[in-house]
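Hi everyone, thanks for coming. Please have a look at the sequence and the structure while I talk, and stop me whenever a word is new.

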Amino acid sequence: MARIAPLDPDALAKGRMYRQSERFAQTRPGRWLAIHLAPRLDPLLLKLTGGRTGSFPEAKVVLLTVVGRRSGEPRTAPLLYFTEGDDVILLASSYGRERHPAWYLNACANPEVELRQGRDGGRYRAADVVDEAERRRLYDRAQGIFTGYGGYERRAAVVGRTIPVLRLTPLD
């Protein structure tokens, strides 16, 4: 099985639709749609299109499946990502809200996860990036994927939350 496709935020060519979607996602209606509709719509869209598109056109996303820490049931979340070598980098931004996203808490409790992108993917081990300099470097790189991460960071800081960065290393 092939690993997740490499994605370098420093070399990402953003087309017009990508840039428009990125700007819209940072508006109040765009943020509402991203929080309330995209997580339900994206898994279906990604499945129907073989992983080619979701609610953020042209953006590359992965489907993270992790065992729920309370339910023990698999939970899937569509997420923006980038790669460093074979590792996949994810930000637990939760749109800058007060609490960490459930998928992040689940990954902390059950770090063996599955990533999918179309037919590609596999098993990975998730780990928090705890070194602050490394977390900062990765967070800054992620803003090449989505400029809204800066606003999310400022919003989270108001409530005293630091947005976690995860490094997922392939197990297969």
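I'll go through the salt bridges, a pair of helices, a surface patch and a few loop residues.

First, what are we looking at? This is a predicted model, where local features need pLDDT of at least 70 and side-chain atom pairs count only at pLDDT 80 or more, while totals for chains, interfaces and linings use all residues. Residues are numbered from 1 along each chain as its sequence is written, and side-chain values use heavy atoms, with hydrogens and water left out.

Let's start with charges. Side chains of opposite charge can pair when their charged atoms come close. I call something a salt bridge when a side-chain nitrogen of Lys or Arg is within 4 Å of a carboxyl oxygen of Asp or Glu. By this rule the count comes to 17 salt bridges.

Here is one of them: D10 and R141 meet through their side chains at 3.2 Å, N to O. D10 sits in the segment before helix 1 (16-25) and R141 in helix 5, so this pair ties together parts that are 131 residues apart in sequence. Helices here are DSSP runs of H or I with at least four residues, strands are runs of E with at least two, and both are numbered from the N terminus.

D10 is exposed at 60%, whereas R141 is buried at 15%.

Another salt bridge joins R167 and E84, at 3.1 Å, N to O. R167 is in strand 7 and E84 in strand 3 (residues 82-84), so to speak distant parts of the chain, 83 residues apart. E84 is buried, with a relative accessible area of 19%.

Then there is R137 with E134, at 2.9 Å, N to O. These two are three residues apart in helix 5, which means that about one helical turn separates them. R137 is partly exposed at 34%, and E134 is partly exposed at 24%. The residues I have named so far belong to a network of salt bridges that links D8, D10, E84, D87, E134, R137, R141 and R167.

Now stay with helix 5. Two packed helices are described by the angle between their axes and the distance between the axes. Helix 5 (residues 132-142) packs with helix 6 (residues 149-158) at an angle of about 130°, and their axes are 9 Å apart. The two helices are therefore oblique to each other. On the helix 5 side, the contact is made by R135, R136, Y139 and A142, and on the helix 6 side by Y149, Y152 and E153. Contact means heavy atoms within 4.5 Å. The axes are lines fitted to C-alpha atoms over the stretch in contact, with angles from 0 to 180 degrees between N-to-C directions. Under 35 degrees is roughly parallel, over 145 roughly antiparallel, 65 to 115 roughly perpendicular, and the rest oblique.

Last, the loops. Most residues other than glycine have a negative phi. In the loop between strand 4 (87-91) and helix 4 (102-109) we find S94, whose phi is positive, near 50°. Y95 lies in that loop too, with a positive phi near 60°.

Technical notes
Buried means under 20% relative accessible area, exposed over 50%, partly exposed in between (1.4 Å probe, protein chains only).
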